[in-house]
Amino acid sequence: MKKRTFNLISVVIAAIFVFATVYFIAGIVSDKKNGPLQAEEIFDSLVIKTQNAANSYPINSYNFSDSFIRAAGDFSNYKKLNLSVDGKLIYSYPSKDTYSSRKSGAKSFTENFSTKNGNSILINTEIYTTVQSSLFYHARTAFIVIFAATLAAILILIFAKTEKDGIDEISFEDETESSDKAIFSQNKADEISSEKQNDEYTLTEEEKKQLFDGFDTVDFSQKEDTDEEVFSEKTDTEEEKSCKKIQPIENLEAKCEEALVKAAENGSDLAVLIIKVNSSENEISSEKIENIFDSDFAQNALIFSNESNLFTVLLENTSLDDAMTVAKEVFEDFSEKPTDAEQKITIGLSSKNGRTVSSERLLTEAREAQKHAATEPDSPIIAFRASPEKYNDYILNK
């Protein structure tokens, strides 16, 4: 273990010890300060409950006695508790042989009232302003914290020493072999990650029926005004014209979770597009794809790719209808080449749409929509329109 790390651990453990000590002292001081008020609250509760019991049951009945015992609650709070009816003592706590041995630090209370039956009831009590149980509770908590910190320090020292001893025994041959394994594992992880966008999650047919209002498709019969920007007005600044950086697919789920949290905090929507480019590099270059994305997506778009012409786009503060409009523009930009008859791309969409949904669920919905679009030659753009009511019912009953 490095000296700097050891010093840092020592400082943290020392801080925990100081915190436990301060907690213990502060607890005792707080109990002494709030003790009289708590004693008054206990007495007020006792009087009210006793008065209700006296008005409900005969004084000499079992129900009244039981109600009075329940009203008193924890008898360790009392140094003395006497109940007199019409000048006659009918209950006394504690017994005379233990009274003198009780600790001091109590506050006296007396209350006299009449019942609806004409009985005169006198409650005379002394209630502790501090109790041993409170002192024990603070001491126990401080001890547990200190014990845990001490145990953690011992374990850290033991494992740090073991780790150091192990490193001294590693040969250069073992180091090379470990490095080769690490490179192989990383390459394998990259390969698996590149396939993740297609194959990891699927929705069952039952889920599709329960959670969604159905598929939405784009109508290409009407030509929309392509000069109108859905998300923000186009400008001639260098920032708007700069090409967006396509991020690796490994960052997708983390960024999607961040966007969902932001959307929930702002009460906004989040749309997801899965775009599959079916053309080869000879027909549409990577530069052409990036230019189309730069032209059609606003600056709030986050684009991810697994380097196999499959792209995921996150559109913040964007409804499903607006996202479908942009998807149509993207499709038309890809299809305006001489090979229009061939379907260049398929697009699947989904959106948060007022739901509390995970990134995994949202991305799965968009992927399912894209897979469906790939099987429908006449509907290259398909969106899952999720029903918030159906989804919430499904989650509650799951």
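**Figure 1. N353 lies in the loop between β10 and α11 (359-374).** Helices (H or I, at least four residues) and strands (E, at least two) are DSSP runs, numbered from the N terminus. The model shown is predicted, so local features need pLDDT of at least 70 and side-chain atom pairs count only at pLDDT 80 or more, whereas totals for chains, interfaces and linings use all residues. Residues are numbered from 1 along each chain as its sequence is written, and side-chain values use heavy atoms, with hydrogens and water left out. Although N353 is not a glycine, it has a positive phi of about 55 degrees. With a relative accessible area of 29%, N353 is partly exposed; buried means under 20% relative accessible area, exposed over 50%, and partly exposed in between (1.4 Å probe, protein chains only).

**Figure 2. N317 occupies the loop between β9 and α10.** Phi of N317 is near 55 degrees, a positive value in a residue other than glycine. The relative accessible area of N317 is 60%, so this residue is exposed.

**Figure 3. Helix α10 spans residues 320-335.** The 16 residues of α10 reach 22 Å from the first C-alpha to the last, which is close to the 22 Å expected at 1.5 Å a residue. The expected span of a helix is 1.5 Å times one less than its number of residues. Because 12 of the 16 residues are buried, α10 is largely enclosed by the rest of the structure. Among the buried residues are L320, A323, M324, V326 and F331. The charged residues K328 and E329 are also included in the buried set.

**Figure 4. Strand β7 (residues 270-277) is mostly covered.** Seven of the eight residues of β7 are buried. Strand β9 (residues 310-316) pairs with β7 in the antiparallel sense over seven bridges; two strands pair if DSSP finds at least two bridges between them. In this pairing, A271 stands opposite L315 of β9. Strand β10 (residues 345-351) also pairs with β7 in the antiparallel sense, over seven bridges. Here K276 has T346 of β10 as its bridge partner.

**Figure 5. Four strands form an open sheet in the order β2-β1-β4-β3.** The pairing in this sheet is antiparallel. Its edge strands are β2 and β3 (106-114), each of which pairs on one side only. Direction ignored, neighbouring strands of the sheet are turned by 10 degrees against each other on average. Axes are lines fitted to C-alpha atoms, for helices over the stretch in contact, and angles run from 0 to 180 degrees between N-to-C directions. Seven bridges join β1 to strand β4 (residues 120-128), and L81 stands opposite T125 in β4. Five bridges join β1 to β2, where N82 has S92 as its bridge partner. In a regular strand the side chains alternate between the two faces of the sheet.

**Figure 6. The hairpin of β1 and β2 has two residues between the strands.** In this hairpin, D86 takes a positive phi near 55 degrees. Helix α2 lies across β1 and β2, running at about 150 degrees to β1; contact means heavy atoms within 4.5 Å. The peptide bond from Y93 to P94 is cis, with omega near -5 degrees. P94 is found in the loop between β2 and α3 (96-99).

**Figure 7. Ring pairs link F68, F75, Y78, Y91 and Y93 into a cluster.** Rings of Phe, Tyr and Trp (its six-membered ring) pair if their centres lie within 6.5 Å; planes under 30 degrees apart count as stacked, over 60 as edge-to-face and the rest as tilted. The structure holds nine aromatic pairs. F75 and Y78 form a tilted pair, 6.0 Å centre to centre, with 50 degrees between the planes. F75 is buried, with a relative accessible area of 17%, and Y78 is buried, with a relative accessible area of 0%. F75 also forms a tilted pair with Y91, 6.5 Å centre to centre, with 45 degrees between the planes. This pair links distant parts of the chain, 16 residues apart: F75 is in the loop between α2 (62-72) and β1 (78-85), and Y91 is in strand β2 (residues 88-93). Y91 counts as partly exposed, at 24% relative accessibility.

**Figure 8. The charged end of R355 sits over the ring of Y391.** The charged end of R355 is 4.9 Å from the ring centre of Y391. A charge sits over a ring if NZ of Lys or CZ of Arg is within 6 Å of the ring centre and within 35 degrees of the ring normal.
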